[in-house]
Structure formats: C-alpha cells, structure tokens
Amino acid sequence: MKRGALAGWLFAAPALIVLLVFFGVPVLSALALSLTDFDLYALADARNLRFIGLDNYIDLLQTPIFWKSLGNTFYFVLIGVPLSIAVSLAAALLLNAPAARCKALFRTALFAPVVTTLVAVAVIWRYLFHTRYGLVNWGLGHLGIHPVDWLGDPHWAMPTIMLFAVWKNFGYNMVIFLAGLQAIPRDLYEAARIDGASRWQQLLHITVPMLGPVLLVVGVITISGYFQLFAEPYVMTRGDPLQSTVSVLYFMFEEGFKWWNLGRASAVAFLLFLIILAVTTLLLHFGRRRHLI
C-alpha cells in the first residue's frame with residue numbers, strides 16, 4: 001500500500017470506527033435479534049432465547065396492522081416530503097430576495113422551530129387543534145366554519161400531524177437552500193433579464209437546475225427523516241383514531257416496549273431500514289443519471 005493511501009486510511013479511521021460502532025453494530029444486532037423470538041422471558045433468562053429464522057418476517061407480512069402502519073408512513077412521506085421541500089424553498093427564495101429586509105431576524109425566527117423540543121411543541125399543537133378549545137377552531141368559527149375534530153377524525157388526523165411536521169422541520173432545509181441560492185452566480189440572472197426572461201422563467205431555467213444537487217441532498221435527508229415518524233403521533237394521537245396515525249416506527253415501539261416482542265420489533269426495524277435504503281438508493285441513482293452528483 002502506498003504511503004499516501006495509508007495516510008488517507010489513517011485519517012479516515014476515526015470516522016470509520018464511529019460508523020462501525022454506531023451504525024454497523026446496531027444494524028447487525030437488529031438483524032440477529034430479528035431472527036430470534038427474543039421477548040421478556042429471554043430478557044430475564046438467555047436460555048429462553050430461540051433461533052426461529054424468518055418466522056418474524058413471515059408473521060409481519062401476515063399482520064394487518066403492519067401493512068396499515070406501512071401505508072400510513074408512505075402517505076406521510078409522499079405528501080409531507082414534497083410539501084416540506086416546497087415550503088423550505090419558498091422561504092429560502094423570500095429570504096434571498098434583494099428586497100428582503102431584516103434577513104438575520106427572519107432567518108432566526110423561521111429556523112427556531114427546528115431547535116425547539118419536539119414533544120413540548122407537539123403538546124402545544126395538540127391544544128391548538130383541540131376540538132372545543134383550540135385556537136384553530138376558534139378562528140374557523142369566526143369565519144362561519146363548524147369546528148373540525150382535527151386529531152379525532154381519521155381523515156384529518158394524519159394531515160394535521162403532517163402540517164406540524166412541516167412547520168417543525170422546514171427551517172433546516174431552508175438554511176440549506178439559502179446556502180445553495182447564494183452560491184448561484186448573479187450573472188446568470190442578469191443575462192436572463194437582458195434576454196427578457198420573467199421571474200418564473202428564471203426560477204424554472206436557472207434556480208431549479210442550479211439547485212439540483214442541493215435538492216437531491218435535501219430530498220434524501222427529508223425522506224429519511226419522515227420515514228422515521230414517531231414522536232408526533234406518539235404525543236398527539238397515540239396512533240388513533242382507528243389506527244390512522246400508526247407509523248412503522250410507532251408500531252415497532254409498541255411491539256418492543258409495550259408487548260415486549262423484541263424479536264418482532266427488530267424485524268420491523270430492519271424492514272424499515274431496508275425500505276429507507278432502497279428509496280435513498282433510487283434517489284441517488286436518479287441523481288447520478290441526471291449528473292447531480
């Protein structure tokens with residue numbers, strides 16, 4: 001091995017060790033546990049642990065609530081991710097506009113939800129959307145609209161959680177988009193204006209293409225995070241009404257820490273890991289084909 005290559009591996013070794021310990025080992029542990037019937041009895045006495053192969057996975061595929069949670073999670077991702085990216089990009093465009101004033105103040109205010117405690121804010125949102133005493137229904141009442149049972153109606157519970165998640169997380173992507181916008185040469189916009197391009201045409205033909213790599217990164221980060229939906233339904237709805245807000249991670253939590261079926265919970269975790277890996281791999285493959293990375 002060349003000295004340069006050896007030096008590179010030595011510099012990368014600390015990061016590789018961290019990845020191995022905090023990523024590789026948990027993944028392998030989840031895979032190993034998912035092949036056993038690890039439960040409360042095995043936790044008390046390791047002699048009760050049995051290797052059962054793929055039985056946990058087969059059982060999960062025959063469990064209706066697992067498919068229900070998977071459908072809820074995909075619904076949350078398919079609607080929430082584009083909405084979150086659109087709101088983040090819109091906020092970044094407004095902050096990057098030449099006419100914008102007090103940019104530092106607005107940037108801090110819009111980023112503030114990201115650093116707030118999720119559970120505390122979720123409790124506040126639960127009261128904001130309360131059917132009888134919430135400010136949202138109070139405002140709708142002044143417009144002549146009857147109160148909506150936001151968190152008690154199966155049709156409205158997930159959209160309400162989705163709205164909360166977008167509000168909570170869009171500031172993080174906004175900062176990334178803002179950095180990407182500031183890296184776009186202003187000469188491109190000047191040339192487009194001279195050619196008579198409208199602001200909409202500049203957005204479509206300059207801003208969006210130049211933000212391609214940033215959009216890919218934001219997409220991967222947001223999708224990975226939204227697939228791990230847990231705290232919002234746990235605090236706001238407990239998976240109800242009619243299991244309309246049960247996510248895959250919430251289902252895994254109940255299997256592992258309510259029913260103590262730790263083997264099944266590990267199987268759920270590994271299946272979720274494979275789903276996230278498959279989706280992000282497809283996104284990266286799309287990015288390579290479009291020469292974004």
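Me: Contact means that heavy atoms lie within 4.5 Å. In this predicted model, what covers the buried residues of α10?

Reply: The cover includes α4 (64-96), α8 (154-182) and α9 (186-194). The buried residues in question are Q202, I206 and T207, in a helix that runs over residues 199-210.

Me: How do you know that the buried residues of α10 line one face of the helix?

Reply: Looking down the axis of α10, the buried residues fall within an arc of 85°, so they line one face. On the other side of the helix, W200 and H205 are exposed. An α-helix has 3.6 residues a turn, so residues three or four places apart point the same way.

Me: Why is A267 called buried?

Reply: Buried means a relative accessible area under 20%. A267 has 0%, so A267 is buried. A267 sits in helix α14 (residues 262-289). Leaving aside neighbours within four places in sequence, A267 is in contact with S34, N56, Y57 and L60. The C-alpha atoms of A267 and A30 are separated by 7.2 Å, although the two residues are 237 residues apart along the chain.

Me: What makes R238 and Q243 partly exposed?

Reply: Partly exposed lies between buried, under 20%, and exposed, over 50%. R238 has a relative accessible area of 47%, so R238 is partly exposed. Q243 has 39%, so Q243 is partly exposed too.

Me: Where is R238 found, and what is its phi?

Reply: R238 is in the loop between α12 and α13. Its phi is positive, about 55°, although R238 is not a glycine. Q243 is in the loop between α12 and α13 as well, and its phi is near 60°, a positive value in a residue other than glycine. P241 also has its place in this loop, and the peptide bond from D240 to P241 is cis, with omega near -5°.

Me: How do α4 and α11 cross?

Reply: Their axes come within 9 Å and cross at roughly 145°. The crossing is right-handed. The residues of this contact divide into 10 nonpolar, 5 polar and no charged. Among them are F76 and V77 in α4, and L215 and V218 in α11.

Me: Which residues touch the most other members of the largest nonpolar core?

Reply: F76 and F177 do, in a core of 61 residues. Leaving aside neighbours within four places in sequence, F177 is in contact with residues including I85, L89, L215 and V218.

Notes
Residues are numbered from 1 along each chain as its sequence is written. This is a predicted model: local features need pLDDT of at least 70, side-chain atom pairs count only at pLDDT 80 or more; totals for chains, interfaces and linings use all residues. Side-chain values use heavy atoms; hydrogens and water are left out. Buried means under 20% relative accessible area, exposed over 50%, partly exposed in between (1.4 Å probe, protein chains only). Helices (H or I, at least four residues) and strands (E, at least two) are DSSP runs, numbered from the N terminus. The arc is that of the directions from the helix axis to the C-beta atoms. Axes are lines fitted to C-alpha atoms, for helices over the stretch in contact, and angles run from 0 to 180 degrees between N-to-C directions. A crossing is left-handed if the near helix is turned anticlockwise from the far one by less than a right angle, and right-handed if clockwise. Ala, Val, Leu, Ile, Met, Phe, Trp, Tyr, Cys and Pro count as nonpolar, Asp, Glu, Lys and Arg as charged, and the others, Gly among them, as polar. A nonpolar core is a set of buried Ala, Val, Leu, Ile, Met, Phe, Trp, Tyr and Cys residues joined through side-chain atoms within 4.5 Å.
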